[in-house]
Amino acid sequence: MEMIFELAILGTVLVAGLQAVSDPGVEQCFGNDLSNSPNTRQDLFTGEQMFSMDMLREAVAATPTGNVFFSPFSVYNALLLAYFGAENQTEASLKKALRIPETQNKMSMMMAYKFEKYFQNMRQINGSESYELRSANKLFVANTLKLRECLAHLFEDEVQSLDFHADPEAAREVINNWVETQTKRQIQDLIPQEKINHDTELVLANAAYFKGLWQSQFLPEHTHKEVFYVSHSKQTLVDMMKQKGTFNHIVSERLGAHVLELPYKGNEVSMFIILPPYAKANGIEAVVKELSVESLQEIIEDDLPRAVEVSIPKFTVEQSLELRPILERLGVGDLFQATSDLSGFTGTAGPRLDDAVHKAKIALDEQGTVAAAATAIFSFRSSRPLTPARFIANHPFVYLVYDKTARNILFMGVYRSPYN
């Protein structure tokens with residue numbers, strides 16, 4: 001089973017993918033002021049995590065009773081690309097929304113971004129027999145639009161020219177086919193009809209794909225139909241997977257919830273399942289409110305394996321997210337206004353961002369693969385439960401897929417029901 005995510009930003013700009021860590025094109029576009037901060041990469045990681053928590057809060061508020069699933073990592077990086085081409089007030093609003101400190105500037109963030117892209121490319125080339133993780137960017141540019149020479153150089157592997165004006169439907173098919181190929185056919189028809197028109201100038205598509213096997217797999221013969229409590233007044237049946245094993249399992253007083261780590265083979269990527277007490281009203285909202293960079297680090301760094309009886313639902317969630325309203329509430333609404341300034345891409349009056357499309361899919365089964373969900377039925381206590389602990393995911397929970405090596409939250413979600 002696999003989990004995939006796709007994000008495209010339509011009608012405007014965005015850029016992607018870089019080659020080496022050192023590139024003269026960076027100085028040509030952004031100058032050579034590297035800022036005085038020695039913490040550029042750490043600031044990038046922290047900014048991504050802060051943005052991820054904020055986006056989860058907005059997504060849950062927008063879908064208060066349904067499932068939520070998205071990739072904050074890809075959304076953040078798409079917006080970071082927009083930041084590189086933004087100027088004036090648009091640049092300032094993006095910098096604030098992306099949680100980039102005042103001590104950093106475009107030059108320093110571009111170098112950090114280039115290093116991370118180089119690191120991920122090397123990681124993909126070296127490969128892993130345990131899991132597959134990749135992210136690809138593509139900048140589809142109208143053949144009538146000329147990018148600044150230095151940006152065209154920085155992103156030459158990602159730029160593809162399309163004739164949006166003559167045949168917008170053919171251009172849409174090219175983009176959707178690229179997305180489908182990058183996600184191994186998991187994300188199809190990303191961009192709906194009529195989203196691309198004669199006036200489209202730039203489309204930035206980002207596709208992220210992850211497929212992993214559980215380090216400790218569930219046996220199919222232990223999967224049975226059991227009750228899942230959607231709410232205190234509604235219940236349904238789900239396929240519940242079970243196993244007994246040794247896992248990191250903590251009680252987070254800050255989050256008011258039990259947390260279980262389910263690592264994928266290779267031990268570089270894990271799913272963390274955050275389970276509020278069943279009896280607690282608005283448990284999901286309470287957890288989401290308290291999630292922060294600090295609370296995330298607490299649960300990731302707590303390495304105390306113990307015997308745990310685990311029960312989690314087997315599920316598939318495919319979801320399109322209304323991305324533009326969420327981005328507007330996160331402070332980047334300026335991108336969608338006529339006054340937006342993306343002139344950094346062209347050196348003259350820049351294009352405007354018209355819309356944003358986000359589509360994600362996750363599948364979880366006994367073997368593993370991307371994102372899972374789990375939750376416990378026992379009520380919260382401030383001390384550790386007796387051994388063996390029981391983690392029973394039979395009511396709504398928060399989950400995230402975290403890349404420990406790159407310190408990125410790849411995917412986040414809330415599982416409330418087996419129904420999309």
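Two strands are said to pair if DSSP finds at least two bridges between them, and helices (H or I, at least four residues) and strands (E, at least two) are DSSP runs numbered from the N terminus. The model is predicted, with local features needing pLDDT of at least 70 and side-chain atom pairs counting only at pLDDT 80 or more, while totals for chains, interfaces and linings use all residues. Residues are numbered from 1 along each chain as its sequence is written, and side-chain values use heavy atoms, with hydrogens and water left out.

**Strand 7 and its partners**

- Strand 6 (residues 224-229) pairs with strand 7 (residues 235-252) in the antiparallel sense over six bridges, and the two form a hairpin with five residues between them.
- Within this pairing, Phe 228 stands opposite Thr 236 of strand 7.
- Strand 7 also runs antiparallel to strand 8 (residues 257-263), to which four bridges join it, and Ile 250 has Val 259 in strand 8 as its bridge partner.
- Strands 7 and 8 form a hairpin with four residues between them, and Gly 256 in the turn has a positive phi of about 65°.
- A further antiparallel partner of strand 7 is strand 10 (residues 305-313), joined to it by nine bridges, with Lys 244 standing opposite Glu 309.

**Gln 243 in strand 7**

- Gln 243 lies in strand 7 and has a relative accessible area of 10%, so it counts as buried (buried means under 20% relative accessible area, exposed over 50%, and partly exposed in between, with a 1.4 Å probe and protein chains only).
- The side chain of Gln 243 makes a polar contact with the side chain of Ser 216 at 2.5 Å; such a contact is a pair of N or O atoms within 3.5 Å, where within protein one must be able to donate a hydrogen and the other to accept it, and residues adjacent in sequence count only if both atoms are side-chain atoms.
- Leaving aside residues up to four places away in sequence, Gln 243 touches Ser 216, Gln 217, Phe 218, Val 308, Glu 309 and Val 310, a contact meaning heavy atoms within 4.5 Å.

**The chain as a whole**

- The chain has ten helices and 15 strands, and 59% of its 420 residues count as buried.
- Among contacts between residues at least 6 apart in sequence, 77% join residues at least 24 apart.

**Aromatic rings**

- A search of the whole structure finds 14 aromatic pairs, where rings of Phe, Tyr and Trp (its six-membered ring) pair if their centres lie within 6.5 Å, and planes under 30 degrees apart count as stacked, over 60 as edge-to-face and the rest as tilted.
- The rings of Phe 69 and Tyr 399 have centres 6.3 Å apart and planes at 15°, so this pair is stacked.
- Phe 69 lies in strand 2 (residues 68-70) and Tyr 399 in strand 14 (residues 397-403), so the pair ties together parts that are 330 residues apart in sequence; both Phe 69 and Tyr 399 are buried.
- The rings of Tyr 83 and Phe 84 have centres 5.8 Å apart and planes at 50°, so that pair is tilted.
- Tyr 83 is buried at a relative accessible area of 0%, and Phe 84 is buried at 1%.
- Ring pairs link Phe 69, Phe 228, Phe 315, Phe 397, Tyr 399, Phe 411 and Tyr 415 into a cluster.
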